[in-house]
Amino acid sequence: MLFDTKNPVRILGLAVLLSVAMISAAHAEDDDDDKRGAPAMNTQWKTECGACHVAFPPRLLPAESWRAVMSGLDKHFGSDASLDPAAAAEIRAYLEKNAGSGKYAAAGKPILRITETRWFKREHDEVPARTWNNPKVKSAANCAACHTQAEAGNYSEHNIRIPK
Ligand code: HEC
Ligand code: HEC
């Protein structure tokens, strides 16, 4: 007999333990205390926009600014940074999707330069003129002169070294 109803052992409850595989949400950057530093990556952006300077993180400018930058790549701060239309469209979408908000957003005419934004000026107001003029710095846009991990998108204050 398959089921012996006279079986004195009554199973009062059956606990089914569902073993749920916990998927770790840990990021490779978890030991980095500037969590804003590393958004989703895009290879085209990293390669094309990192060819002449560090690939500036999308979060440091609002979407309107990126739109304006991407609309004028043939006249890009005195150089020609033109891209084929497919690459330009992909990069533009990536930049807009990961663009900055909050203190990184600015009202009015879009600002093309990170270095001309209000937050940038405030964060850097203690950097003396002689540092900006140091030939090892050359330009405020040369982030990597001081932010030693700029290449990796990390601008944490722990990784700043001002050139002497
Ligand atoms: C052919 C070289 C070249 C390429 C490629 C290039 N740039 Fe630039 N970019 C420059 C130069 C030159 C400057 C001005 C740097 C300076 O003022 O010291 C600049 C400046 C900038 C600035 C302003 C920096 C600041 O805050 O002063 C932004 C933003 C920028 N580039 C975004 C991009 C993006 C996005 C891409 C990719 C679509 C890109 N660049 C590709 C040459 C390039
Ligand atoms: C001459 C050196 C120098 C250059 C060049 C420079 N920075 Fe900085 N940056 C600093 C210093 C100094 C601070 C202030 C750190 C502090 O307040 O502890 C700072 C702060 C910051 C912060 C805030 C960091 C935090 O965790 O609070 C960001 C973001 C940043 N810089 C981005 C940039 C970007 C992007 C560029 C290039 C477009 C750039 N910086 C160029 C020296 C520099």
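Visitor: What makes the arrangement around the iron atom of ligand 1 octahedral?

Guide: This is a predicted model. The 6 donor atoms around that iron atom subtend angles of 87 to 179 degrees. Six donors count as octahedral if opposite ones are over 155 degrees apart and all others lie between 65 and 115, and the arrangement is therefore called octahedral. As a reference, ideal angles for six octahedral donors are 90 or 180 degrees.

Visitor: Which protein atoms coordinate the iron atom of ligand 1?

Guide: His53 and His76 do, each through NE2, at 2.0 Å. His53 lies in the loop between α1 and α2 and His76 in the loop between α2 and α3, so the pair ties together parts 23 residues apart in sequence.

Visitor: Why is His53 called partly exposed?

Guide: Its relative accessible area is 30%. Buried requires under 20% and exposed over 50%, so His53 falls in between.

Visitor: What is the geometry at the iron atom of ligand 2?

Guide: That site is octahedral, with angles of 88 to 179 degrees among its 6 donor atoms. The protein donors are His124 (NE2) and His147 (NE2), lying 1.9 to 2.0 Å from the iron atom. His124 is in the loop between α4 and α5, and His147 is in the segment after α5.

Visitor: Are His124 and His147 buried or exposed?

Guide: Both are buried.

Notes
Residues numbered from 1 in each chain as written. Chains lettered and ligands numbered in written order. Predicted model: local features only at pLDDT ≥ 70, side-chain atom pairs only at ≥ 80, totals over all residues. Heavy atoms only, no water. Donors = N, O, S within 2.8 Å, 3.2 Å for Na, K, Ca; no water. Tetrahedral: all angles 85-135°; square planar, octahedral: opposite > 155°, others 65-115°. Helix = DSSP H or I, 4+ residues; strand = E, 2+ residues; numbered from the N terminus. Buried < 20%, exposed > 50% of the residue type's maximum accessible area, 1.4 Å probe, protein only.
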